[in-house]
Amino acid sequence: MTSYNKHLIKDFGIKPEVLELIDKAEAKLKDKFDTLEDICAINQLKVLNAFQENNISDTHFSWNTGYGYDDAGRNAVENVYASIFNTESALVRPNIVNGTHALSTTLFGLLKPGEELIYVTGRPYDTLQTVIGINEHEYMGTLTDYSIQYSEVTLNGDLDVDLEAIKAALHDNTRVIAMQRSTGYDWRPAITLDSIRKVTKLIHEIRPDIIVMVDNCYGEFVSEEEPTDFGVDVIAGSLIKNPGGGLALSGGYICGRRELVERISYRLTCPGIGAECGLTFGQNRAVLQGIFLAPKVVNAALRGAMLCGTVYDMLGYEVCPPVTAERSDIVEAIKFNDPDLAITFIQAIQSAAPIDAYVTPIPWDMPGYDDQVIMAAGAFVQGSSIELSADAPLREPYIAYYQGGLTYEHARFGIIKSLQQLVDKGLIDVKKAQKNI
């Protein structure tokens, strides 16, 4: 037994059988972890090159006041993002409040009344449904409120994009084809880059006037490529997920073709101002350092997600993505089929946090969601899901979504705590499960 395991047993009350299961799961993952290290190293070089080719210096850590005219630091941040994501232009702003805001700004910037948006990865994430106006809430100012038409194409029987159905869904007024890369609160693997590539190629060949957009949340630096490397017109995401590296305090990003980003910037501020104004509030250094560290942080989160999936798969629970699947985001889902199991799992992740570990999360009516949600988020940055976190909508089949971990060691400890708490409550029997492995 390692000194580390002895420490966990003595000072944290972890049972030896829990640690034995964790060790077995890690042994299964050695080859996959080695592959992730290669991806991490490639992405680190990509980020380093972006800093060097844009001549980043410590003068870019300073900031202006007021309107933010001629903010060299803000411009440098956006040039770095454009280089990393291989695009002509980028918006990277602290006043983009979250990923949903980045996506909403993008959609409102690209679409006019009478034009059509089609999501081709099924129904989007809960908060985007509100932005579009396809749920039961009657919020003013949604896309449909502005006479923007909406439709969606469900995934095929293999939970992948349906190219023939996408072709059949196009109309003369179709303007934007959107894809949600990550799982959201669905029970499906994240959409792979290969599938995104196929959709992009199809649309650009038959209708080059249509804009292909990807919700890139949770997917940055998971692979060697990003969607914009092979022709996706615009991507959007949150700085308190993967690309912020745990250091960005707030914000979002939008990267894409220059004319599209310019149009979107008019929605972020107003026509005639666009990207020329916008204070960065002294966040340039944190945003730059965050994306510099992001490849390694994402690597830690990915390994944690793989370990989580492997452990609960060994215990007999359905997990998504499956252990053997190609990964396209950092999220791991566990189907507990029991509200007590899901709630206990979330509470255990909270108890493993560096911040507010003493707090016990409970389900609540979270804005933008139709069901109560329980969320573990003991993070340095509120809502940062690149930090160790987990959440579950309280609806059948009671799926918990695990993500993040600034270090692998912390992600691993969260999984250990989740197992131990489930054991302590008598909700799982690790010893019995070990006999079946």
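Helices (H or I, at least four residues) and strands (E, at least two) are DSSP runs, numbered from the N terminus. The model is predicted, so to speak of local features takes pLDDT of at least 70 and side-chain atom pairs count only at pLDDT 80 or more, while totals for chains, interfaces and linings use all residues. Residue numbers start from 1 along each chain as its sequence is written, and side-chain values use heavy atoms, with hydrogens and water left out.

**View 1. The largest pocket and what lines it.** Helix H5 (99-110), helix H6 (126-132) and strands S10, S11 and S12 each put at least two residues into the lining. A pocket here is an open set of points on a 1 Å grid over the protein atoms alone, where a 1.4 Å probe fits, with protein on both sides within 12 Å along at least five of seven lines; lining residues have an atom within 4 Å of a point. The space inside is about 1,200 Å³, a volume being what is filled by probe spheres set on the points, which are joined across faces, edges and corners. Of the 46 lining residues, Tyr125, Met366, Tyr369, Met375 and Gly383 lie nearest the centre. The lining splits into 24 nonpolar, 18 polar and four charged residues (Ala, Val, Leu, Ile, Met, Phe, Trp, Tyr, Cys and Pro are nonpolar, Asp, Glu, Lys and Arg charged, and the others, Gly among them, polar).

**View 2. The five-stranded open sheet, S8-S9-S12-S11-S10.** Pairing (at least two DSSP bridges between two strands) is antiparallel here. S8 (318-320) and S10 (373-376) sit at the edges with a single partner strand each, so one side of each has no neighbour in the sheet. Four bridges tie S10 to S11 (389-393), and Met375 has Asp391 of S11 as its bridge partner.

**View 3. Helix H3 (30-53) against H10.** Their axes, lines fitted to C-alpha atoms over the stretch in contact, come within 9 Å and cross at roughly 170°, with angles running from 0 to 180 degrees between N-to-C directions. That makes the two helices roughly antiparallel (over 145 degrees). Contact (heavy atoms within 4.5 Å) involves residues including Phe33 and Leu36 of H3 and Leu288 and Phe292 of H10. The contact residues come out as 12 nonpolar, three polar and four charged.

**View 4. The seven-stranded open sheet, S1-S7-S6-S5-S4-S2-S3.** Pairing is mixed in this one, and the edge strands S1 (89-93) and S3 (149-152) each pair on one side only. S2 (116-119) and S3 run parallel, joined by four bridges; Leu117 is partnered with Tyr150 of S3.

Methods: Parallel < 35°, antiparallel > 145°, perpendicular 65-115°, else oblique.
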